[in-house]
Amino acid sequence: MSTQPSVVPVRAMLVLGTRPEAIKLAPVARAMATGAQFEPIVVTTGQHREMLHQMLGLLGIDVRIALDVMRSRQQLSELTARLVRELGEVMRAERPDLVVVQGDTTTALVGALAAFYEKIPVAHVEAGLRTGVIDNPFPEELNRSLIGRIARWHFAPTPRAARQLTDEGVPAEQVFTTGNTVIDNLLWVLAEGTGTSAFRTPAKRILVTLHRRENQGERMRGMGRALRKLAGRGDVEIVLPLHKSPAVRDVLLPELDGHEGISLVEPLDYVDFAATLAECDLVLTDSGGIQEEAPSLSKPALVLRTTTERPEAVEAGAARLIGTDPDAIVSAAEELLDDQAKYRRMAGARNPFGDGKAADRVLAQLAEDFAAAVPVTVSAPGPYSTA
C-alpha cells in the first residue's frame, strides 16, 4: 500500500510592529493559517506596542514571537539598531523560508534588511508607493525605496505602483498587482459587525487622524486651530483618536481638549475605528491607509500633507491633497460641508485600491513560486485591475 508524502508547509515569517502593519498583514496571516501550504510565523516588534496588542486578537492574528524594542523617546537610529540585532536573532533561530513585510515602517525596513543579511527571500506587501521626495514622508519614503532594493516579491496595490517599480528597474516578473490588503481587512471587519462608532450626535461628522512626523510641531498646532474653527460652526461633530506619540499629544491636547464639538478619544481598536469611519461624513487625515479605506466606503478625504504616495485617490476624485495651511484646511472642509453637489462627486468617485481579494493573490503567487515543494491549491481571483 502506497502512502502520500507529507506536505511540508512553507514557513513564512510575517514581521510587523505597528497597527497599520497588523491591519494590512492580517488578511495574509489569516489566509495562511487556514490551509496546509503555509506555516505563518507572526513576529511583533512592539513598535506600536499599546496600539498593536489591543487589536491582534480581534483581527485573528496568532503571535508566535513578541519583541519589546521600544524605549521612551527613542531615536530612529537606536530603534533601527535594536531591531537589526533582535530580528536577526529570531530569524537565525526560526529559519523561515521567506519573510513578509508590509509598507514603509522602520519595522518593515529592518525586517527586510535582517532577512537579506540571513539570505532569506523577502515579500513586500504594498510595494511601489512613492512621493519622489526622499524625506517626505519621513522616514517612510526612504524606507519603502530601500525595501524595493531588497525584496524578491513586490506586491503592488495598484497598476501605478507596479509601474513605479518597473521604472526603477525591478524585473517585471517580480512585480504583481494585487489591490491593497487594507480593503480585504476593512470589508472583513465590517462584515463581522462588532464595532461601535465613536460619534454621538446627528451633526455633520468629521473623522480626523493626525500623527505624521513632518507635521508635528507648529504645523500640527495650526491644524488644531483649523479644527477649532470648524467646530465653531456649531453643526459638526469632530472625532479625533489621539495618537500615543507624546509629540502629537503635547501639541493637540492644549489646542483642542475640552473644546465644544471636538471629541478627543484614545486610539480606537480597529473594529471601532472601522465603524466610526463607516458612520462619518468627511475624513481629514495625514495618515496613509485611511486614504485607501475612505474611498472604499464613499467617504471624501482631505489629505493634510504636501505630498502623497497614493495619488490614485486624488486622480479618481475621492481625495484632495490640500496641504497644512489652517485656512486652506477650513476652506476645503467647509466647501464639502456646504456644497452638496461637490460632496456627492467626491463621495461617488471610484475606489482605485482594491476589491477585497488582495491576500488571495499574494498567497497564490507565493504558492506558485514555492510549488516545487508545495502543491498549489490556492484558488485565486484574476489579476487586479482598476480599469
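Glu255 is found in helix H9 (residues 246-256), where helices (H or I, at least four residues) and strands (E, at least two) are DSSP runs, numbered from the N terminus. The model is predicted, so local features need pLDDT of at least 70 and side-chain atom pairs count only at pLDDT 80 or more, whereas totals for chains, interfaces and linings use all residues. Residues are numbered from 1 along each chain as its sequence is written, and side-chain values use heavy atoms, with hydrogens and water left out.

Is Glu255 buried or exposed? Glu255 has a relative accessible area of 17% and is therefore buried, since buried means under 20% relative accessible area, exposed over 50%, and partly exposed in between (1.4 Å probe, protein chains only). Leaving aside neighbours within four places in sequence, Glu255 is in contact (heavy atoms within 4.5 Å) with Arg221, Gly224, Arg225 and Arg228. With the side chain of Arg228, the Glu255 side chain makes a polar contact at 2.4 Å; such a contact is a pair of N or O atoms within 3.5 Å, where within protein one must be able to donate a hydrogen and the other to accept it, and residues adjacent in sequence count only if both atoms are side-chain atoms.

**The sheet**

Seven strands form an open sheet with parallel pairing, in the order S3-S2-S1-S4-S5-S6-S7, two strands being paired if DSSP finds at least two bridges between them. Strand S3 (63-66) and strand S7 (175-177) stand at the edges with a single partner strand each, so one side of each is left without a neighbour in the sheet. From one strand to the next the twist averages 25°, with axes taken as lines fitted to C-alpha atoms (for helices over the stretch in contact) and angles running from 0 to 180 degrees between N-to-C directions.

| Strand pair | Bridges | Opposite residues |
|---|---|---|
| S1 and S4 | three | Leu14 and Val100 |
| S4 and S5 | four | Val100 and Ala123 |
| S5 and S6 | three | Ala123 and Trp153 |

In S4, five of its five residues are buried: Leu98, Val100 and Gln102 point one way, while Val99 and Val101 point the other way. Helix H4 (residues 106-117) packs on the sheet, touching strand S1 (10-16), strand S4 (98-102) and S5, and its direction makes about 160° with that of S4. Helix H6 (residues 159-167) lies across S6 and S7, running at about 170° to S7.

**Cores and helix H14**

A nonpolar core is a set of buried Ala, Val, Leu, Ile, Met, Phe, Trp, Tyr and Cys residues joined through side-chain atoms within 4.5 Å. The largest one has 55 residues, and those with the most contacts inside it are Leu98 and Leu366; its largest share, seven residues, comes from helix H1 (residues 19-33). Apart from it lies another core, of 32 residues, among them Leu284, Leu304, Leu336 and Ala347.

Ala347 is also one of the buried residues of helix H14 (residues 340-347), together with Tyr343 and Met346. They cover an arc of only 95° around the axis, which puts them on the same side of H14, the arc being that of the directions from the helix axis to the C-beta atoms. These buried residues pack against strand S12 (301-303), strand S13 (319-321) and helix H13 (326-338), whereas the face turned away from the buried side carries the exposed residues Arg344 and Arg345.
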